[in-house]
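I opened this entry to note what I looked up, starting with the ligand and then turning to salt bridges.

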Amino acid sequence: MKSGIYALVASTVGYFLFLGVLTIPACQNQAIHLNKITLTWGQDVNVPEQWGFLQNQVTPFLLDTSDGETLHAWHILPLGLYKKHEEELIDEPAGLAVDITSRLSFKMLREDPESLLVLYLHGAAGTLGSGWRPPSYRAMSALNPVKIHTVAIDYRGFGTSTGTPSEAGLLNDALALAKWAMEVAGIPPSRIVLFSQSLGTAVTISLAHHLATQVANPIFFSGMVLVAPFADVEQLTATYRIAGTIPLLDPIARFPRLLDFFNRFIIAKWPSKDKLAGFVRSCEMSTDDNARYHITIIHAEDDYDIPWEHSDKLYWHAVNASSPHGISYEELEEEKAASRSELLGGGWVVEQNTQKGSLREAISKWGLHDRIMSYPIVSLAVWKAFQREASEAP
Ligand SMILES: *[C@@H]1O[C@H](CO)[C@@H](O)[C@H](O)[C@H]1NC(C)=O
């Protein structure tokens, strides 16, 4: 009996010590970004062929940020385009491109006035080559394997990129990528779609919000696809499970005031729901012809890292911001239940359109947290996000 009590006291003390460690900024930073867990140990991210790409289908290169970091990036060619130039591509030098602009793959992206570009922002942990990311890059161009290029980056502190991750830093990295796409590759925002998963969705929303709300020269991309997003960090800490199994903060999440207290120590806030609403509202209110939005939120019901209810919240904030008088969460849920299209494999889709844009929430029965990124539901969403451009094409 007594030893049982001791064990209970010891584990409780141990747990609170652990929470204490999490309030130390450097430890917290690791816990949130997991950037040292590369999952590609012993592999060289400058040899993308290791992840099943054809020779020189992927060109690794470096990208500079405005605050002096160097990011590692991959330019992934769609297979149909690769096939057209297969022999010339095989003859090119392999590995990290010292000057990306001299590469054939880059010229194909820049010189085709119809090429489309996905800017890919990955989730926490790992590198460009980890887990389901390589199959996911291939899924980006599935519906247009001649036009859709993908450029993905490792954020600061991830893979071989320099620096240490932070909320402001990751936004800066995304800005560097967008700037490179528009200024170096010369692709107008109307031919760019933002794709992201998990932590990357917060970076994407932050990027879209930042560029759309800047006073001088606001920028609006063709669309964005958000896979397995979260509403904000405060709500994430209440539900996140490390590696999908350990509900880290579940013991304190049962006590809202204790959780609030703990959340005060969390440095990264990633207020996605507010920024997404701000982004939608700024498009709705803008008189700029380019101020349009096309947002698809995708989540799997069996995602046990980030529960799909986060997507319901995010979608609600976006819909609420798109309607002049707003809508309550309960009202929207009722509307969704009445209007949703059921998917045969399980799950459902809802859609909301205004003069300025469209919002979609697709909840699939299967796909977990990562695997879904390689599924046709994602390929379809990416393709649709380019439709504004496609419908305007001669
Ligand atoms: C919903 O929209 C209304 C009207 O724009 C706004 O007043 C309200 O704050 C919004 N609700 C949330 C939770 O953002």
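Which helix gives the largest share of the shell around the ligand? I found that helix 13, residues 309-322, does, with 3 residues. I note that the model is a predicted one.

**Ligand.** I listed the residues around the ligand as Arg281, Trp316, His317, Asn320, His325 and Gly326. By class, I have 4 polar residues, 1 nonpolar and 1 charged in that shell. I then looked at asparagine 320, which has a polar side-chain atom 2.4 Å from an oxygen atom of the ligand. The ligand taken alone exposes 360 Å², and the protein buries 48% of that.

**Salt bridges.** I searched the whole structure and got 13 salt bridges.

I looked up aspartate 67 and arginine 156, whose side chains meet in a salt bridge at 2.9 Å, N to O. Aspartate 67 is in the loop between strand 1 and strand 2, and arginine 156 is in the loop between strand 4 and helix 7, so this pair ties together parts 89 residues apart in sequence. Aspartate 67 is partly exposed at 40% relative accessibility, whereas arginine 156 is buried at 5%.

Next I took lysine 179 and glutamate 183, which form a salt bridge at 3.2 Å, N to O. Both lie in helix 7, 4 residues apart, about one turn of the helix. I have lysine 179 as partly exposed at 46% and glutamate 183 as exposed at 54%, because over 50% counts as exposed.

Last, I noted a network of salt bridges that links Asp312, Glu333, Lys336 and Glu361.

Key
Residues are numbered from 1 along each chain as its sequence is written. This is a predicted model: local features need pLDDT of at least 70, side-chain atom pairs count only at pLDDT 80 or more; totals for chains, interfaces and linings use all residues. Side-chain values use heavy atoms; hydrogens and water are left out. A residue is near a molecule or strand if one of its heavy atoms lies within 4 Å of it. A polar contact is a pair of N or O atoms within 3.5 Å; within protein, one must be able to donate a hydrogen and the other to accept it, and residues adjacent in sequence count only if both atoms are side-chain atoms. Accessible areas come from the Shrake-Rupley method with a 1.4 Å probe; for residues, only the protein chains shown count as cover. Helices (H or I, at least four residues) and strands (E, at least two) are DSSP runs, numbered from the N terminus. Ala, Val, Leu, Ile, Met, Phe, Trp, Tyr, Cys and Pro count as nonpolar, Asp, Glu, Lys and Arg as charged, and the others, Gly among them, as polar. A salt bridge is a side-chain nitrogen of Lys or Arg within 4 Å of a carboxyl oxygen of Asp or Glu. Buried means under 20% relative accessible area, exposed over 50%, partly exposed in between (1.4 Å probe, protein chains only).
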